[in-house]
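Me: Let's work through this structure in short questions and answers.

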Amino acid sequence: VVRVESEAEVIALLKLAHAENVPVTFRAAGTSLSGQAISDSVLIVLGDNWNGREIRNGGEQIRLQPGVIGANANAVLAPFQRKIGPDPASINAAKIGGIVANNSSGMCCGTAQNTYKTLAGLRVVLADGTMVDS
């Protein structure tokens, strides 16, 4: 288990794992009903420094780091009468990293407001350590 606290640590770890052909599994938080907390190799767990959030365009958008809990994102958007699209049952525990990785939706959003349909952009580190910012 490796706890990562920065993007630089993620990049370095993924480059090393890729070079050594070692699989990794990421864990943000939540219920792990999809089984993502189980790994027979390296489990990468988000540390406490992934809580950045930025309100954009008067609440029309919110930029979130992967460690923000979904319910906390909604609390920040509440004064603007907005919320994030997905509403998984685990919204009070699930972090944005896991919500995005699982393309979460929920009973109230269906497929029209699932994660992938409500993303404006994504900053992601690929398996070989390459950074992509869309």
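## Surface, core and loops

Reply: In this predicted model, Tyr116, Leu119, Leu122, Val124, Leu126 and Val132 make a nonpolar surface patch of about 460 Å².

Me: Is valine 124 buried, partly exposed or exposed?

Reply: Valine 124 is one of the patch residues. Strand β6, residues 123-125, holds valine 124. Buried means under 20% relative accessible area and exposed means over 50%. Valine 124 has 31% relative accessibility, so the class is partly exposed.

Me: Which residues make up the largest nonpolar core?

Reply: The core has 10 residues in all. They are Val4, Val10, Ile11, Leu13, Leu14, Ala28, Ile44, Leu46, Trp50 and Val125.

Me: Which element gives this core its largest share?

Reply: Two elements, α1 (7-20) and β3 (42-46), each supply at least two residues of the core. The largest share is four residues, and its source is α1.

Me: Where is the other core, and which residues are among its members?

Reply: Another core lies apart from the largest one. It has nine residues, among them Ile84, Ala94, Ile99 and Val100.

Me: Which residues does valine 10 contact, leaving aside its neighbours within four places in sequence?

Reply: Valine 10 belongs to the largest nonpolar core. Beyond those sequence neighbours, valine 10 is in contact with Val4, Phe26, Trp50 and Val125.

Me: Within what arc do the buried residues of α2 fall, seen down its axis?

Reply: Helix α2 spans residues 70-77, and its buried residues are Gly70, Ala73, Asn74 and Leu77. They line one face of the helix, because seen down the axis they fall within an arc of 100 degrees.

Me: Which elements do the buried residues of α2 pack against?

Reply: The buried set is Gly70, Ala73, Asn74 and Leu77. Their packing partners are β4 (53-56), β5 (61-64) and α3 (96-101).

Me: What is the phi of asparagine 21?

Reply: Most residues other than glycine have a negative phi. Asparagine 21 sits in the loop between α1 and β2 (24-27). The residue is exposed, with a relative accessible area of 69%. Asparagine 21 is not a glycine, although its phi is positive, at about 55 degrees.

Me: Which loop holds asparagine 57?

Reply: Asparagine 57 also has a positive phi in a residue other than glycine, near 50 degrees. Its relative accessible area is 54%, so asparagine 57 counts as exposed. The residue lies in the loop between β4 and β5.

Key
Residues are numbered from 1 along each chain as its sequence is written. This is a predicted model: local features need pLDDT of at least 70, side-chain atom pairs count only at pLDDT 80 or more; totals for chains, interfaces and linings use all residues. Side-chain values use heavy atoms; hydrogens and water are left out. Patches are made of residues with over 30% relative accessible area and no salt bridge: like charges are joined within 9 Å, nonpolar side chains (Val, Leu, Ile, Met, Phe, Trp, Tyr) within 5 Å. Accessible areas come from the Shrake-Rupley method with a 1.4 Å probe; for residues, only the protein chains shown count as cover. A salt bridge is a side-chain nitrogen of Lys or Arg within 4 Å of a carboxyl oxygen of Asp or Glu. Buried means under 20% relative accessible area, exposed over 50%, partly exposed in between (1.4 Å probe, protein chains only). The arc is that of the directions from the helix axis to the C-beta atoms. Contact means heavy atoms within 4.5 Å. A nonpolar core is a set of buried Ala, Val, Leu, Ile, Met, Phe, Trp, Tyr and Cys residues joined through side-chain atoms within 4.5 Å.
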